[in-house]
Amino acid sequence: MSRKFKLGNLYLGSVFVLLYLPILFLIVYSFNAGDVMQGWAGFSLKHYSELFSDTRILEIVVSTFLIALLSSLLASIIGTAGALYIYNLKHTVVKNIFLSLNNILLVSPDVIIGASFLILFTVMGFALGFTSVLLAHIAFSIPIVVLMVLPRLQEMNQSIVASAKDLGANNWQMISRVILPVISPGILAGFFMAFTYSLDDFAVTFFVTGNGFTTLSVEIYSRARQGVSLEINALSTMMFVVSLLLVLFYYVISTRAVKNKKRSTRLVLPASEGL
Amino acid sequence: MPKSKKQRQLFYLMPYGLWLLLFVIAPLILLLFQSLTTQNGQFTLHNYALYFSSGTYLLMTFNSVWYALLITIITLVISYPTAYLLNQLKQKQFWLLLVILPTWINLLLKTYAFIGLLSKTGTVNNFMSLFGIVPQQLLFSNWSFLLVAAYIEIPFMILPIFNSLAEINPRLEQASRDLGANRWQTLRRVIMPLSMPGIKAGIQAVFIPSLSLFMITRLIGGNRVITLGTAIEEHFLVTQNWQLGSTIGIILIVAMVITMIFTRDRKHSRKRG
């Protein structure tokens, strides 16, 4: 029995090694004094200084974060409105139709989303670039916000709403003073998910980005096609740290929200983006 | 119903409904429409006829399904024991978080790491040469494609299986042992059937994205395996034949729907409906 358990631990250990080895490998080599991902030539930060003097990359980093911030903000607003609308629907059939329509973009492969958005933008005569990428990111982030906000609404105590109405709250007061504060953890979680979706997206952006504008993922793709450069490793390490901080942040808000509810912590996976 | 409530609903519907129309319904209709027209915009079934009569396209589709199946099987075989063992650990939520963490890292970066690991002068070959093995062409092979695709998909398989295992009442396992089943029998007859919903969800989460992979096929697989996703990307962005690209897109959607029907969790859908 105990031997079996040890064998099990060995198995788990090797799965974890497998999962983390490539990432560690990237990080370690970002500090290599040499120029390739082989043979350790000593510790150096030169790839980081290269990275920080590469204005093209820095511009791309700024625009990637700008897209992520704007798209997740707008998606949070539209998605919250959508969740409120679906929540207020009385008819079960209509509600289910809206929910299924909402989920279409979540289950569709990214290639389909990218290709069909490309057709859409072209048919509308929309120039590809910053705006088209922004619109696409808003579009694929909205359903996840809806899904994060809706459970909060369903858990909301109905008597709070009723008493607010009795006490003479008008529409706007009802939303801003009663409903929004209650569902704010859901909106925050949705915003966070949308933000990471946008940062991580490659496939959809690749289709609708056109020639002039790139995000980090697309840039890494085109550089990786030319071969290895340790500057990308340095960039990866920075992005890894950012992802870690984001996950930590999300973990804190989600566990804080769970504390007063009994619901078990269900970690949410980013959909298999960009595959 | 008071008028104000109607106004409120309309206010919510405006942005959300616009999104539904413009970015959910319209793109799908446009995709279908493209697949049914010629370059000049006339109605035709030619694209579908071409697709189904061409050996190349059919072989490509078969290959794509075959590789997606292989990726799914590999990840399932690795993930099921992992999820099972994770579930028996004390700090299981923490370990689960560690499994999920790599999914938050940009996909391009993970792929890029493998380029470094597998290239001809890369770490794996260097390591092998310590044992006197001549450097092999590891990158741009079917194997490297399978390896990297499985690597990326594993967390998406572990999570649903883990969740369904965690929901099983531990008393069922004890009861099975009390009634004289050995460890293996308990696993096969009690645990596995009860974790079926998780397995199905995992298959769904891995198989569909595997059909539509396109970046890894190029960077790691060297375009030796052409998936449906790669074919769509090539038709849209390289050869600019959107009509045929849309046709393959529609076929990918059909394949996706079939997969979802097969892996649907009947118990759950009954509960919900």
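Tutor: Start with a cut-off. Buried means under 20% relative accessible area, exposed means over 50%, and partly exposed lies in between. At 30% relative accessibility, A:F130 therefore counts as partly exposed. The model is predicted, and every value here is computed from it.

Now the partner of A:F130. A:F130 and A:F213 form an edge-to-face aromatic pair. Their centres are 5.5 Å apart, with 90° between the planes. With a relative accessible area of 13%, A:F213 is buried. The pair thus brings together a partly exposed ring, A:F130, and a buried one, A:F213.

Next, a pair across chains. A:F207 and B:F236 are also edge-to-face. Here the centre-to-centre distance is 6.2 Å and the angle between the planes is 75°. A:F207 lies in helix 9 of chain A, and B:F236 in helix 12 (residues 228-238) of chain B, so this pair joins two chains.

One aromatic cluster holds A:F202, A:F206, A:F207 and A:Y221 from chain A, along with B:F214, B:F236 and B:W242 from chain B. Over all chains, a search of the whole structure finds 30 aromatic pairs.

Now widen the view to the contact between the chains. Chain A gives 92 residues to it, and chain B gives 83 residues. Together the two chains bury about 8,100 Å². Carbon and sulfur atoms account for 77% of that area. Salt bridges between chain A and chain B number zero. Polar contacts are present: 11 residue pairs, both residues at pLDDT 80 or more.

Which element of chain A supplies the largest share of the side that touches chain B? Helix 1 of chain A, residues 2-30, with 15 residues. By type, the residues on that side of chain A divide into 66 nonpolar, 20 polar and six charged.

Conventions. Residues numbered from 1 in each chain as written. Chains lettered and ligands numbered in written order. Predicted model: local features only at pLDDT ≥ 70, side-chain atom pairs only at ≥ 80, totals over all residues. Heavy atoms only, no water. Phe/Tyr/Trp six-rings, centres within 6.5 Å; stacked < 30°, edge-to-face > 60°. Buried < 20%, exposed > 50% of the residue type's maximum accessible area, 1.4 Å probe, protein only. Helix = DSSP H or I, 4+ residues; strand = E, 2+ residues; numbered from the N terminus. Contact = heavy atoms within 4.5 Å. Buried area = accessible area lost by both parts, 1.4 Å probe. Salt bridge = Lys/Arg side-chain N within 4 Å of Asp/Glu carboxyl O. Polar contact = N/O pair within 3.5 Å; in protein donor to acceptor, adjacent residues only side chain to side chain. Nonpolar A, V, L, I, M, F, W, Y, C, P; charged D, E, K, R; others polar.
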